[in-house]
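Dear colleague,

Please find the sequence and the structure just below.

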Amino acid sequence: MATIEKYDTKAGMRYRVRYRKPDHTQTDKRGFRTKRDAEAFAATVEVSKLRGEFIDVAASRLTIGQLGAEWLTRQTHLKPSSYRPVEASWRNHVEPAWGSTSVADVRKTAVQQWLSDLTAGDQTLTPERKPKSATVVIRAYGILGSILDGCVDDRRILSNPARGVTLPRKGKKAHVYLSHEQIHTLASEAKHPTLVMVLAYCGIRWGEAVGLTVKDLDMLKRRIRIEENAVEVGNKIEVGTPKNHKRRTVPFPAFLAESLAKQCEGKSRDGLVFAGEDGGYLRSTRVQEDHGGWFSGAVKRSGIPRITPHDLRHTAASFAVSAGANVKAVQRMLGHSSAAMTLDIYADLFDDDLDAVATALDHAVSQASVGKMWARAVP
């Protein structure tokens, strides 16, 4: 239980409340003018401990800057390619706005205003602050919200003031689906034609493709084992597991067997299938050559819509669906975490399935006696 003591100051007698926190360490709060005020505070402390709502006032004085730096060190589960934008968002957007603010002083209205300012930008500043995309704003909000979630767990604050605010909506970019003719034209104009064809017909990611080694190809079964992902982070290639840490096997069509075999000629089992000129990992297309790189140059020369290597995954998905693959097969090929995610991304590719459902229902009713009844009932 809390104890109350009185003490003298130059301004007169004051009261101090000594009490124990939930971790059994002792602390106190002083400065109460009357014993009644001290008793009221002591009572609230005991009630808050019983309800599990006790907040350590000293702990709530820590700033977002202090806690954010600690939070970053705990993000060891992130791959380097995922950690980099998170660290940049903290450094450029969260810390400048909230670094000196104590967690107890964060208000929901202030968080909402911060998000609105990021979204709208500020043309009056020198240099002007440009509006940020929904992706950038949501990432910055996620960092602040996660830090404050930790504060709730550690009983620094009772609830997270960042939760429940209005976030900008991400606009979905329309997918570009190329035809077989367009893909072959693009490949014929490209410096690495086999790589283009693998991206377009197998649906693997850029990092997965440039990380392929000879031993990852099963030429007899026409399978590609996706076991590594070589992602360029800054100027460094980071090699790790595929996205979501899930290894998978992807089929490749027979017409790619010969060109893939040529890619492997003279290489050891550990040799890269699509190596750069120095024998190392093929660098990102944006730094390969002048004028945007070999891929964008091939896109311009082939006259197809403007796309990136990653966009070829969309074409691969469309080819698979048009060939009769179901959503589960497409999910496994693309390495999505679930079939629901595949449907969410490529729902437009399965419109024909909806037509098939309607046709099947029509056939079922026509074969049943109720079909004739319905026909007689309709005027």
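The notes that follow cover cysteines, aromatic pairs and charges over rings.

This is a predicted model, in which local features need pLDDT of at least 70 and side-chain atom pairs count only at pLDDT 80 or more, while totals for chains, interfaces and linings use all residues. Residues are numbered from 1 along each chain as its sequence is written, and side-chain values use heavy atoms, with hydrogens and water left out.

Taking a disulfide as a pair of cysteine sulfur atoms within 2.5 Å, the count is zero. Cys151 is buried at a relative accessible area of 2%, and Cys264 is buried at 14% (buried means under 20% relative accessible area, with a 1.4 Å probe and protein chains only).

There are seven aromatic pairs, that is, rings of Phe, Tyr and Trp (its six-membered ring) with centres within 6.5 Å, called stacked if the planes are under 30 degrees apart, edge-to-face if over 60 and tilted otherwise. One of them is the stacked pair of Tyr201 and Phe319, 4.9 Å centre to centre with 25° between the planes, which links helix 7 (residues 193–202) to helix 11 (residues 312–322) across 118 residues; helices here are DSSP runs of H or I with at least four residues. Tyr201 is buried at 13% relative accessibility, as is Phe319 at 11%. Trp206 and Trp294 form a tilted pair, 6.4 Å centre to centre with 35° between the planes, and both are buried.

Tyr19, Phe32 and Phe41 form one aromatic cluster, and Lys29 lies over the face of Phe41, 5.9 Å from the ring centre. The charged end of Arg16 sits over the ring of Tyr7, 4.8 Å from its centre (NZ of Lys or CZ of Arg within 6 Å of the ring centre and within 35 degrees of the ring normal).

Best regards

Notes: Buried < 20%, exposed > 50% of the residue type's maximum accessible area, 1.4 Å probe, protein only. Helix = DSSP H or I, 4+ residues; strand = E, 2+ residues; numbered from the N terminus.
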